[in-house]
Amino acid sequence: MDALASRTVSVARTAKLLKYFEPVANLPGFARALARTLAELRLAQVSPADVSTTGLPGRDLGELLALYEAELADRRLADLARVLELATEAASIATHRWLGLPLLLLDSPLESRAHADLFECVAARAPAVLAAVTSGETTQRAMHAQSRLLESILRVDAEDLDDSAQASQGRASSLGRLRSQLFAVSPVAGEQKDDEFDLFSAPGEGLEAVEIARRVLQFARKNVAFDSIAILLRNPERYQPMIEDALRRAGIPAYFSRGVARPDVSGRAFLALLACAAEKCSASRFAEYLSLGQVPVSGQATSPDAATQPAADSDPAATEDDWVGPNDEMFGIADSQASPVKQEPEESNAPPAPWGWEKLLVDAAVIGGSDRWERRLIGLEHEFELRLSVLEREDEAQRAQLARKIEQLRHLRRFALPLIGTLAALPQSALWKDWLDRLAELARAGLRSPDAVLAVLAEFEPMGDVGPVGLEEVFEVLSDRLRFLRRDPPQRRYGRVFVGSIDESRGREFAVVFLPGLAESLFPKRALEDPLLLDEFRREASPHLLLRDDRTAEERLRLRLAVSAAGERLIASYPRMDVAEGRPRVPSFYAMELVRAIEGRLPELKQFEIRTRDAAPARLNWPSPPDSADAIDNAEYDLATLARALTTSSGGHYLVESNAHLARSLRTRWSRWESQKWTKADGLLTADAAALEILAKHRLTERAWSPSSLQQFAACPYKFALYGIHELRPREEFGSIEQLDPLTRGALFHEVQFALLSELKAQGLLPVNELRLAAALEWSDRVLERVAAEYEENLAPAIPGVWRSEIEDIRTDLRGWLQHVAQNDDDWEPVHFEFGFGLRAGNRRDPSSTAAEAALSEGVRLRGSIDLLERHLVKGALRVTDHKTGKPPERIPLYVGAGHLLQPLLYGRAAEELLGTPVESGRLFYSTQRGGYQQVSIPVTDKSKQFLAKLLSNIDGFVAGGFLPAAPEKDACDICDFRIVCGPYEETRLKRKDQRDERLDGLTEIRGMP
Ligand code: SF4
């Protein structure tokens, strides 16, 4: 009916029939509100002419109602009003085996004129009729009208069956007083308290549901059958999920009268795709779709054309044309047991899972538009390759991580681009039948399990000729149906706790009734007027339309219904907090009214809140009962037991016996904090022969190391182990796209330096000196323009303005660097740039690079790449340089800088070994404005070599001995990427350890080296 109302609005707007509602008619939600109002008008048998005369809104509603009825007739559709009309006709003229029988109307309200007409016809054919209706007050218009309506249909006077004599004498039980004195003007004070009524509050709705489950279990232990217990809800949409969860945790079988609605991930993923199309292929919506994990198992989206073609090796019967029926009364709810289980592809055949694709999309910074997708995804791949070229120099683990990301990105591209093409090709506007065809193709191409979505689409097939409608309208109409997967309740409710709305308790009685949600704005709900047809117009349109006062009376009646459904016990409750919004709640006046009806006076609010809180000692910060015997599940049991153990120092021992992993974790914690000795809980510490054998393969002479790995040791041996042996790397965080990724910028700067030095060499402009500076600067601009243009094309930067500003920064850095070189280094001639060793060959390396590692006599195997090797024009000595784009250290070291600065010496020694020529010094050149063009130069002398040899031997000793403890330097943890592994207290904990352990001597020695 929503779709039909939507269609009606569209036709009316096209024909310019709307005057009053025109400004709001295209707002989301208008069509749904209209569907409700039209349904009510039709059930009240209000004609378009009746409503048209009530005013401006009524005039528009009259037009809409007429169009709506014409649509129903044209399409041969029947809404509820029409169904009741047909039934009434049949009851008056036809013969049916149920007509002519005695009739019992048990608390079933005649909700509308159409319902009343049907009842009147059926009652007229019945030889005897007994009608009972819950009352209790006759002053309210609705109740009065209801009993008067029955009286007029049946032509008898109603008899009041309420027995208030006992209550008026104050001797009735709590339930008796509730039934007779609810909303009474002057209730009589009760004489005694009993256990027929209870009221409690809980910190939030979730815990309120848990408390209900706990009490249900307590009743069950007293032999109260589950099916004689009911939980009656005023807000089933809000409360049912929490009740479901609490009963499931407690293992209580339940009958949910409205069935259960599970969030349907495939439906949500499909809606995310539609939203992506509506927002011009927005990447954030596509990332939302990916995050729901509904990508087809193959990880390959198919184009619509491909989707309609069965794969060559697939089952010929299983084609796109496999029809999925709607979930309705004819076809029933899809039964997972009845439908054949679809075979998942064998793991070995399945392409890699789409892990991390959402992150890649953020990295790619696709802002939207199908054309941008391809450019940005390819651009990101090139960016990763550029970063890879830098990392290849020394960080093997991060290189492998990046290589994996490139592979993932290629899979994402293969998957996403066809799907984005399909989304971009969706029509602006089409008939429903065309939409249904296109959407079914989209579901098959983009969803792992499209059946639930196809079933919903099938429900809309009768709407095929409606339209044309736009994507927004399609989204609006489908969204509610696709978000949740509904399952009907089981056929028999016996043996299960009844969970339903209060209205569904009419004519029923349960031994125990729970009534949750008696908080302000939850129950009673504020009665609002219909925004499309206010009460002043309703009164004129028909006496059978409900007004706001009627809705208020309905709320009061609901409280009566809940009370009257309780045979032996009524347990009401309310939440003290709105946990979702973090604000306190107060009990509603209905909660207070229950107590007033029993005790004869309104309780004082503060006392009332204390009393209800004490009735259920639930806590948000420790969600368990005081006594573990009252726990509804294992989690509550453990918490209750632990709470006791924390105060009595006993009772928690079972934890170490029940879970081996927890026991290990607790013992490890104890060792770290309480044991003075260094144990295996304090890092990578082992005396195990097999572990030592593995560690032996990481000794400095057994595998190639990079200087950056070796530099980690002095800060903390465990950091060195995590970085260099376990090869852990920090998880990447989403970065701002307002600047280039630092790694990309550094890589670009190196690229330009390499290209510029190569060009200057070809032009005979090396070494750069005062005379050659002007020409070098010109070449610098030209080379930068060339390299930047090449990379701009390849990387397709997300924001061109950001890119241009970074390039200008690089231009300034390059010019400053050349000027510095011309003034200070004009006697050093560059001979090799990007001289690689122990790395794979690449075209951005010096031709004399070698695949051989550098095996230093100090006892280490090295691999890496030296940015610049220069020869002194006079002395002929060599010097190695590593260009840095960051800031220089505050203290300039003499040799190894307490183990933190090894690159100059290690690269210098590597060059000596590989080229067979002495190297005078190694230096770090901070060659940007940020680094102030400063240098850190370390002479390669016998003394420095001795320091280096001792340092390397000490590190090697720690690896060989299996002793790599978490022993951080002061403040080292504050800037360590592995803090998430160790926790925040390592420096505090270190102070408790034995600092005199001689195994730490080698570390102390390194930290003292100049
Ligand atoms: S967090 Fe601290 S203890 Fe842990 S590895 Fe890093 S520096 Fe070492």
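Helix axes are lines fitted to C-alpha atoms over the stretch in contact, and the angles between their N-to-C directions run from 0 to 180 degrees. Two packed helices are described by the angle between their axes and the distance between the axes. This is a predicted model, in which local features need pLDDT of at least 70 and side-chain atom pairs count only at pLDDT 80 or more, while totals for chains, interfaces and linings use all residues. Residues are numbered from 1 along each chain as its sequence is written, and side-chain values use heavy atoms, with hydrogens and water left out.

The chain contains 38 helices and 24 strands; helices (H or I, at least four residues) and strands (E, at least two) are DSSP runs numbered from the N terminus. Of its 1010 residues, 49% count as buried, where buried means under 20% relative accessible area, exposed over 50% and partly exposed in between, with a 1.4 Å probe and protein chains only. A contact is defined by heavy atoms within 4.5 Å. Among contacts between residues at least 6 apart in sequence, 74% join residues at least 24 apart.

Helix α23 (residues 589-599) packs on helix α24 (residues 605-614) at an angle of about 95°, and their axes are 12 Å apart. That angle makes α23 roughly perpendicular to α24; the classes are roughly parallel under 35 degrees, roughly antiparallel over 145, roughly perpendicular from 65 to 115, and oblique for the rest. From α23, the residues Ala591, Met592, Val595 and Glu599 meet Leu605, Phe608 and Arg611 of α24. The residues of this contact divide into five nonpolar, no polar and two charged. In this scheme Ala, Val, Leu, Ile, Met, Phe, Trp, Tyr, Cys and Pro count as nonpolar, Asp, Glu, Lys and Arg as charged, and the others, Gly among them, as polar.

The interior comes next. A nonpolar core is a set of buried Ala, Val, Leu, Ile, Met, Phe, Trp, Tyr and Cys residues joined through side-chain atoms within 4.5 Å. The largest such core has 79 residues, of which Phe270, Phe286, Tyr289, Trp432, Phe460 and Leu478 touch the most other members. Helix α17 (residues 396-424) supplies the largest share of this core, nine residues. Leaving aside neighbours within four places in sequence, Phe270 is in contact with Leu439, Leu442, Ala443, Leu447, Val453 and Leu482. A second, separate core of 64 residues includes Phe183, Ala250, Leu557 and Ala572.

Phe183 also has a backbone feature: its phi is positive, about 65°, although Phe183 is not a glycine. The residue lies in the loop between α9 (174-181) and β3 (197-202) and counts as buried at 14% relative accessibility. Gln45 likewise has a positive phi, near 60°, in a residue other than glycine. Gln45 sits in the loop between α2 and α3 (48-52) and is partly exposed, with 42% relative accessibility.

Two buried helix residues show links across the sequence. Gly446, in helix α18 (residues 432-446), is buried with a relative accessible area of 0%. Not counting residues up to four places away in sequence, Gly446 touches Tyr289, Gln294, Val295, Pro296 and Leu419. Gly446 and Ser266 are 180 residues apart in sequence, but their C-alpha atoms are 9.6 Å apart in space. Ala35, in helix α2 (residues 30-43), is buried with a relative accessible area of 11%. Beyond residues up to four places away in sequence, Ala35 touches Met1, Asp2 and Ala5. The C-alpha atoms of Ala35 and Ser6, 29 residues apart along the chain, are separated by 8.2 Å.

Cis peptide bonds also occur in loops. The bond from Phe523 to Pro524 is cis, with omega near 10°, and Pro524 is found in the loop between β11 (510-515) and α21 (535-541). Another cis bond joins Leu766 and Pro767, with omega about -10°; Pro767 lies in the loop between α31 (742-762) and α32 (773-795).

The ligand remains. Cys716, Lys719, Ala966, Pro968, Cys973, Cys976, Arg979, Cys982 and Glu986 surround the ligand, a residue being near a molecule if one of its heavy atoms lies within 4 Å of it. This shell divides into six nonpolar, no polar and three charged residues. Gly983 lies in the loop between α36 (979-982) and α37 (986-990) and counts as buried at 18% relative accessibility. The C-alpha atoms of Gly983 and Cys973, 10 residues apart along the chain, are separated by 9.1 Å.
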